[in-house]
Amino acid sequence: MQIETTMRKDVLLVTVHEERLDAQVAIPFKDKMRDITRDAPPRVVLDLSGVRFLDSSGLGAIISVMKQLAPEGQLELAGLTPAVEKVFHLTRMDTIFTIHADARAAVEPSARAG
Amino acid sequence: MPADPASRRGDAGPRPAATAAADPRTAAAPPGPAAGQGADGTGAPARRPLLELDFEATSAEVRAALARITGAIAPLDPAPDRAIAVELAMAEVLNNVVEHAYAGQAPGPVQVTLTAEDRVLICRVEDEGIDLPDGLPPPGPLPDPEAARAIETLPEGGLGLPLIHALAERLTYLRLPGRNCLTCRLPLG
């Protein structure tokens with residue numbers, strides 16, 4: 001599970017370097033995210049621009065991470081590729097998450113989505 | 001680090017006899033297309049399958065199968081959105097076999113047959129696992145995340161079947177003697 005973390009101002013930016021977030025890696029992803037976000041600031045941005053494929057297991061893992069961070073912390077998403085966006089759209093989870101066009105927009109307060 | 005599919009059955013003891021027993025179809029290796037009545041079971045003339053796969057139902061093998069499936073449909077030049085739908089629908093169907101059909105037992109075989117007909121991919125997935133006790137749940141509305149009201153009540157599982165219903169057409173489930181057979185149609189655009 002290749003995940004990179006960067007602190008940007010008061011935001012923890014987590015970049016997933018996995019082409020597929022699927023049933024095979026859903027549990028390791030959840031475990032790694034739990035470790036990474038243990039002392040995270042309230043805002044965590046998950047950069048998914050490198051993820052080409054997401055299935056319901058991967059989506060469930062992302063929802064699980066979001067629930068772990070709440071209520072003090074918030075998980076936001078950035079850089080959804082078409083296949084990933086489709087899963088969020090079909091399950092209507094795009095109504096629950098704050099989704100940014102890309103990680104840069106997410107960490108710049110002026111570009112912050114509502 | 002990817003989960004080791006073997007670890008889940010590491011201490012499960014010897015494989016059940018039912019799984020170890022040779023599959024009569026693979027053992028007999030019938031020549032030519034086995035589906036004499038058309039891959040969608042409608043009695044339509046048989047077409048040569050675009051792809052036939054037979055593998056062990058593990059998440060690692062599912063990944064490999066999906067790569068084969070996307071590779072097989074690429075020459076048909078599917079619309080980009082349709083190609084995504086095929087990969088996602090097949091992933092969810094095959095994940096269900098791994099997680100539910102062979103739940104609590106060693107991974108068994110799964111067969112995938114894809115046939116293309118008039119810009120529609122006809123998919124057939126068979127396994128030798130446990131049946132769906134009440135058949136295929138009917139297509140219901142996707143869970144409404146906004147109805148969850150609180151983040152802690154959002155669903156983390158159970159999203160696969162709604163996705164299959166949303167993506168696939170004419171989804172059918174048949175319990176045959178000792179095996180499950182799921183068929184569906186996925187337009188290629």
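So, the largest cavity: about 40 Å³ of space lies in it. A cavity here is a set of points, on a 1 Å grid over the protein atoms alone, where a 1.4 Å probe fits but cannot get out. The volume is the space filled by probe spheres set on those points, with points joined across faces, edges and corners. The structure holds one cavity of 30 Å³ or more.

Before I go on, a word on the model. It's a predicted one, where local features need pLDDT of at least 70, side-chain atom pairs count only at pLDDT 80 or more, and totals for chains, interfaces and linings use all residues. Residues are numbered from 1 along each chain as its sequence is written, chains are lettered from A in the order in which they are written, and side-chain values use heavy atoms, with hydrogens and water left out.

Okay, back to that cavity. What lines the largest cavity? From chain A we have A:Asp22, A:Ala23, A:Gln24 and A:Asp55, and from chain B there are B:Ser59, B:Val62, B:Arg63, B:Leu66, B:Ala91 and B:Asn95. Lining residues have an atom within 4 Å of a point. The largest share, four residues, comes from H3(B). Helices H3 (59-73) and H4 (80-101) of chain B each supply at least two lining residues; helices are DSSP runs of H or I with at least four residues, strands are runs of E with at least two, and both are numbered from the N terminus. By type, the lining divides into four nonpolar, three polar and three charged residues.

Next up is strand S5 of chain B, residues 179-187. Nine of its nine residues are buried, so the strand is largely enclosed by the rest of the structure. Buried means under 20% relative accessible area, with exposed over 50% and partly exposed in between, using a 1.4 Å probe and protein chains only. Both faces are covered, with B:Cys181 among the buried residues on one side and B:Cys184 among those on the other.

And its neighbours? S3 of chain B (residues 120-127) runs antiparallel to S5(B), joined by eight bridges, and B:Val120 stands opposite B:Pro187. S4 of chain B (residues 169-176) is also antiparallel to S5(B), over six bridges; strands pair if DSSP finds at least two bridges between them. There, B:Leu174 sits opposite B:Cys181. The hairpin of S4(B) and S5(B) has two residues between the strands, and B:Gly178 takes a positive phi near 75°.

How many disulfides are there over all chains? The count is zero, a disulfide being a pair of cysteine sulfur atoms within 2.5 Å. For B:Cys181, the nearest cysteine sulfur is that of B:Cys184, 10 Å away. For B:Cys184, the nearest is that of B:Cys123, 4.2 Å away.

Over to chain A. It has an open sheet of five strands in the order S1-S2-S4-S6-S7, with mixed pairing. The edge strands are S1 (3-8) and S7 (99-100), each pairing on one side only.

Last stop, the aromatics. There's one aromatic pair over all chains, where ring centres of Phe, Tyr or Trp (its six-membered ring) must lie within 6.5 Å, and planes under 30 degrees apart count as stacked, over 60 as edge-to-face and the rest as tilted. The rings of A:Phe88 and A:Phe97 have centres 5.6 Å apart and planes at 90°, so the pair is edge-to-face. Both residues, A:Phe88 and A:Phe97, are buried.

Technical notes
On a 1 Å grid over the protein atoms alone, a cavity is a set of points where a 1.4 Å probe fits but cannot get out, and a pocket is an open set with protein on both sides within 12 Å along at least five of seven lines; lining residues have an atom within 4 Å of a point. Ala, Val, Leu, Ile, Met, Phe, Trp, Tyr, Cys and Pro count as nonpolar, Asp, Glu, Lys and Arg as charged, and the others, Gly among them, as polar.
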